[in-house]
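Q: Please give me a close look at one part of this model: the contacts of one chain, and the folds beside them. Keep it brisk.

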Amino acid sequence: MAEPLLRLAGLHTHIGQYHILQGVDLVVPEGELTMLLGRNGAGKTTTLRTIMGLWRASAGSVSFAGSDLAPLATPEIARLGIGYVPENMGVFAGLTVRENMVLAARGGELDQGRLDWIFSLFPALARFWSLPAGNLSGGQKQMLSIARAMVEPRRLVLIDEPSKGLAPAIVDALIEAMQELKRTATTILMVEQNFRMAQALGDGVAVMDDGRVVHSGRMAELAADQALQGRLLGLSLGAHQ
Amino acid sequence: MTDRTAETPAVPSPPLKERLLARLPYWTVPLLALAGLAAIADLSTWTTLTLAGLAMGMLIFIMASGLTLVFGLMDVLNFGHGAFISIGAFVGASVLLALGGWTASSSLALNLAAVCLAIAAAMAATGLLGWFFERVIVKPVYGAHLKQILVTMGGLIVAEQLIHLIWGPNQIPLPRPEALKGSWVIGEVVVERYRLLAVAVGAAIFLGLRWALVRTKLGLLIRAGVENGEMVEALGYRIQRLFVLVFVAGSALAGLGGVMWGLYDEIITAQMGLNILILVFIVVIIGGLGSVEGCFLGALLVGLMANYTGFLAPKVALGSNILLMVAILMWRPRGLLPAGKG
Amino acid sequence: MLKALLSEDYPRSRLLTALLVVIVAGLALAPFVFPGIRPLNTAATICVFIVLVASYDLLLGYTGIVSFAHTLFYGIGAYGVALALDAWPASWGAVALGTALGLALAMAIALLIGLFALRVQAIFFAMVTLAVASACLILASQLSGLTGGEDGLTYRVPHLLSPAFRLVDGKVLGVRLDGRIVSYYLLFLAAGALVLAMLRIVNSPFGRVLQAIRENPFRAEALGYRTAVYRTAATVAAAAAAALAGALMALWQKYTGPDTTLSLSIMIDILLMVVIGGMGTIYGAVVGATVFVLAKNYLQLLMAAAAGATAGLPLLPQLVSPDRWLLWLGILFVLSVYFFPSGIVGRLRGRGGEGGAPRG
């Protein structure tokens, strides 16, 4: 088996006095979308933040394309080609949509071809191009946040619960956009609570509980196995359906 | 595709009333000016005072802008900012006094050249000092407000003492260059020449800052960093470098403000920085920490208020600014235009 | 007995105990061991500043609040006594009334500031108090009809405290027991009582909640403590102690002016004393105030000698000139915030950089 693009081994993270990640082992194969599932407080967001260097790992390793991310600072990690769509979307409300996109394109130039592609997925962004991002609706902010991660080719994109708080119609739009992104062979690690979205998009899946990965396998297998779903995910995911 | 566009609402434009309310902070300045007119009831006096107030406000804005950005970007409250003001004034005064021939000449060009040189020297000195201050004094205490306040206060004390050490214990008179002395009388309105210069410099700095913040990528990064520094890092930018840059620029602006203020008062003391810092704090609080536009509004409000009350009831001039601050905080606990977080 | 007096909060270090014993004994016997006007004045200043600094420690060290309005309360206490003695004949009734009015006003203003600060961001507090304090300083200088303006007020104190009073005829241990000595011991005992009272406050359940808030306000709030109420109460208590310190100083100096009570430089002195002594310990206030006041009074003599000795050299004489003593204390202050955030007391207790100092 080829070396995965991202591999977490025995990852521990402390936040203050709390021991959040207690030895996370996770592989994200190149070119796939890996779903990270689990109930609230299982450590999914902390896992993404630790990969991004926003929390310091207290033990364990994060290897990305052969290099160790643990000693790197967040900007250096991002420069390796990792895009991050945080849980709160991290949209700069005081900046216009365009300015948000300009900052995300580190080269400084917006590639018109890529932009057209993004606009075809999220037409709202084209319409509100020069309005402050703070004026956007929740769904549009989420689209902008994802668009920022797509504005340049990235090797890996981390996405934290894109469907959170959004109406089903908008979730459909997001699913469509993510499928487009998958076609570019971008590797994606996505945290999700919405099982419909997870099922539609996931290639591989990992389920977390109490700061550890308690199950990993193929999404299709998990989707087919009701009993396994019930055991791993309980009612928390069912409630979202 | 079609149903996706259906779910997005039309152009997000809030109702008129809401938009007017959002504009309300901008109306405070003309409202205060009108209130001043009503209280003074004499148009020519009011015009003179308003011009003086705007000049003072512009000068305070120059000094406050750096402080508010430094706070917005890194959550650092820098009491040492006052030291940069004093040191800028003293360096500028040294240059001006050394160029006595130029300042005593009645040629406006020579006068302005001397002032420009003084400002350049002051900005260079305080910018450099700001860099040193950030590296040595502030950096070790990121994220710890209490220590920041204590350490930067300590830095202020040491800097004041160093001024005494270098320039002696006494205040230094700093006469304005010849061509900037005196005033024009237009009808019954007295226009002090130097105040006009102060307004011009302040307006230029404000427009320049606004341009830089809106039009340049660096400015975008600073505004984004004030809002959400973590996300700026996650996009691959080193916010630390950005911060050092803003700190140095803010210190240089404090130095510029120090020279201008020294010429305004025509006397400089080592303590002037701390005294002005109090006004600067009031301005920054009124404007909303981290916001350059709010800072500009706050500075104009404070400048106008100080001049109106200085005329109407001189004994309570500074107290009136405190009342202004309290009133605005009662209305908006985070200031007029707080930099949006998240 | 000792246990009750110290509220079971012992110095917890032999060296510190020894230092405290020396300070207390020195202050208790000052009139006899260090006769003369200047040493007695120094000792009295130390007593007052111990109270003032301890009351500030209640805010800064135990609650993590940075206020620059502390001299305001000190000044109000001093002006309360001064105005009463200025307006009425020098009687104990006037002293009591002035103290009570000053105390009430200081506590009322502290309550207002506390309530106001609840509405704004915590970081505003330092800035707001700085602005308020400087406005009050200017106000006191400007209202010359009431406060005597820049010149301040000079007044007579009750006969018992005036130099003309004789407790006994003749001398005791070579010292004439006049009203100065009586004043001094009044000051000493009052200061001692106030410090012990504050020690009691910080070791009470109330004090423990304050420390919990300092360590983690969100957690304290989650545990059901209304942090706002506790912080306001701490501000009021600290203001009361500061006002009493001001009243004592007014009685001792028989003079009250803006520069000796309200000025920002006194505020900075307090800050230096509490940090150098050790935040959050109360004992730090005792050590810090003593070291600082002694340094202010005697370091300058030493520096003058050093300046004289280095007269021929470049720069050095200016660096060690007695006027520059604050330069060295400022540097010491910055260094101590970095390297000994728990101050002299924390150092002596062997906790180095950790522990006593707030992390906020």
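A: Buried area is the accessible area (1.4 Å probe) that two parts lose on being put together, summed over both. The model is predicted, so local features need pLDDT of at least 70 and side-chain atom pairs need 80 or more, while totals for chains, interfaces and linings use all residues. Residues are numbered from 1 along each chain, chains are lettered from A and ligands numbered from 1 in the order written, and side-chain values use heavy atoms, without hydrogens or water.

Start with chain B against chain A. Together they bury about 2,900 Å², with 60% of it on carbon and sulfur atoms. Here 27 residues of chain B are in contact with 39 residues of chain A; contact means heavy atoms within 4.5 Å. A salt bridge puts a side-chain nitrogen of Lys or Arg within 4 Å of a carboxyl oxygen of Asp or Glu. Two salt bridges cross this interface. One of them joins B:E230 to A:R49, with the closest N and O atoms 2.8 Å apart. A polar contact is a pair of N or O atoms within 3.5 Å; within protein, one must be able to donate a hydrogen and the other to accept it, and residues adjacent in sequence count only if both atoms are side-chain atoms. There are 10 residue pairs in polar contact between chain B and chain A, both at pLDDT 80 or more. On the chain B side, α1 (2–7), α9 (217–227) and α10 (229–234) each give two or more residues; helices (H or I, at least four residues) and strands (E, at least two) are DSSP runs, numbered from the N terminus. α9(B) has the largest share, six residues. By class, this side of chain B has 14 nonpolar, five polar and eight charged residues. Ala, Val, Leu, Ile, Met, Phe, Trp, Tyr, Cys and Pro count as nonpolar, Asp, Glu, Lys and Arg as charged, and the others, Gly among them, as polar.

Now chain B against chain C. This pair buries about 3,800 Å², 81% of it on carbon and sulfur atoms. The contact takes 41 residues from chain B and 42 residues from chain C. Zero salt bridges are counted here. Three residue pairs are in polar contact, both at pLDDT 80 or more. On the chain C side, the elements that give two or more residues are α6 (92–119), α7 (122–142), α14 (264–277), α16 (316–319) and α17 (325–339). α7(C) gives the most, 13 residues. The chain C side divides into 32 nonpolar, six polar and four charged residues.

Back to chain A, for its fold. Two strands pair if DSSP finds at least two bridges between them. Four strands form an open, antiparallel sheet in the order β2-β1-β4-β5 of chain A. β2 (18–28) and β5 (67–68) stand at the edges with a single partner strand each, so one side of each is left without a neighbour in the sheet. Strands β1 (6–15) and β4 (57–64) of chain A run antiparallel over six bridges. There A:A9 has A:S61 of β4(A) as its bridge partner. Helix α1 (44–51) of chain A packs on this sheet, touching β1, β2 and β4, at about 105 degrees to β1(A). Axes are lines fitted to C-alpha atoms, for helices over the stretch in contact, and angles run from 0 to 180 degrees between N-to-C directions.
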